[in-house]
Amino acid sequence: MQLVCKIITGEIRWGLSTLLLKMILVMKKIEEIFDYKGVKPTPNRILILKMLLNAERPVSLADIEAEIQTIDKSSIFRVLNLFLEHEVIHVIDDGSGSAKYEVCSSDEHCSISDMHVHFFCEWCHSTYCLDSSPIPPVSLPAGFMQKSANYVIKGLCPKCSSHHSHDEA
């Protein structure tokens, strides 16, 4: 019985140290981003950037508000606008009527080469990053200057498509 407890305790300690290491790495990344982008770290900015870095997909203002209940909507909106101005994040218009936000992958400017294709599930309304699919280059006519791009594919995500195919059977 004691051996089992020691093994379980060891696993818990290992899990906690791994979690602590991950938290330290995220905080270091946040510090580096703020320093490089010239953003003064405040508690609200740190919380919001931490949430964005840990998000598995682009998130909306409502997603952030639901996740971080200690910050009101107007404060979140101000932080998001500051992050956009300093190119910490970029916005995605997935056609859902709700802008989605994600952290820019580049250390410098959030450019077209940093952008990638997104997928919007028409059933569950989730937006996914397709990081390995860059936005294809487009030749613009003389005089046009591209500042951003938005490339969204719409359909059903794997979870919804499997449920949908079961419903049809």
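This is a predicted model: local features need pLDDT of at least 70, side-chain atom pairs count only at pLDDT 80 or more; totals for chains, interfaces and linings use all residues.
Starting at the N terminus, the elements of the protein chain go α-α-β-α-α-β-β-β-β-β-α. That comes to 5 helices and 6 strands. Of the 169 residues in the protein chain, 30% are buried. Here is a quick tour, topic by topic.

**The aromatic pair**

- Look for 1 aromatic pair in the structure.
- Its partners are Phe34 and Phe83, and the pair is tilted, with 5.9 Å centre to centre and 45° between the planes.
- Phe34 sits in helix 1 (residues 2–37) and Phe83 in helix 4 (residues 73–85), so the pair ties together parts that are 49 residues apart in sequence.

**The salt bridge**

- The count of salt bridges comes to 1.
- The side chains that meet in this salt bridge are those of Lys100 and Asp94, at 2.9 Å from N to O.
- Both of these residues, Lys100 and Asp94, are buried.

**The second largest pocket**

- How much space lies in the second largest pocket? It holds about 230 Å³.
- The lining of the second largest pocket is made of 17 residues, and His90, Val91, Met115, Ser148 and Ala149 are the ones that lie nearest its centre.
- Strand 2 (89–92) and strand 4 (116–121) are the elements that give two or more residues to this lining.
- Strand 2 gives the most to the lining, with 4 residues.

**Ile89, in strand 2**

- Ile89 is also part of the story of strand 2, as that is where this residue is found.
- Ile89 counts as buried because its relative accessibility is 2%, and the cut-off for buried is under 20%.
- Along the chain, Ile89 and Leu52 are 37 residues apart, and their C-alpha atoms are separated by 8.9 Å.

- Val138, Leu140 and Phe144 make a nonpolar surface patch of about 320 Å².
- Leu140, one of the patch residues, is in the loop between strand 5 (127–134) and strand 6 (152–155).
- With a relative accessible area of 41%, Leu140 is partly exposed.

- Some background first: most residues other than glycine have a negative phi.
- Glu87 has a phi near 55°, a positive value in a residue other than glycine.
- Where is Glu87 placed? You can find Glu87 in the loop between helix 4 and strand 2.
- Glu87 is partly exposed, as its relative accessible area is 25%.
- His125 has a phi near 65°, again a positive value in a residue other than glycine.
- The loop between strand 4 and strand 5 is the place to look for His125.

**Two other pairs of positions**

- Thr42 lies in the loop between helix 1 and helix 2 (43–54).
- Thr42 counts as partly exposed because its relative accessibility is 22%.
- Asp131 belongs to strand 5.
- Is Asp131 buried or exposed? Asp131 counts as exposed, with a relative accessibility of 57%.
- From Asp131 to Ser105, there are 26 residues in sequence and 10.0 Å in space, C-alpha to C-alpha.

Conventions:
Residues are numbered from 1 along each chain as its sequence is written. Side-chain values use heavy atoms; hydrogens and water are left out. Patches are made of residues with over 30% relative accessible area and no salt bridge: like charges are joined within 9 Å, nonpolar side chains (Val, Leu, Ile, Met, Phe, Trp, Tyr) within 5 Å. Accessible areas come from the Shrake-Rupley method with a 1.4 Å probe; for residues, only the protein chains shown count as cover. A salt bridge is a side-chain nitrogen of Lys or Arg within 4 Å of a carboxyl oxygen of Asp or Glu. Buried means under 20% relative accessible area, exposed over 50%, partly exposed in between (1.4 Å probe, protein chains only). Rings of Phe, Tyr and Trp (its six-membered ring) pair if their centres lie within 6.5 Å; planes under 30 degrees apart count as stacked, over 60 as edge-to-face and the rest as tilted. On a 1 Å grid over the protein atoms alone, a cavity is a set of points where a 1.4 Å probe fits but cannot get out, and a pocket is an open set with protein on both sides within 12 Å along at least five of seven lines; lining residues have an atom within 4 Å of a point. Grid points are joined across faces, edges and corners, and a volume is the space filled by probe spheres set on the points.
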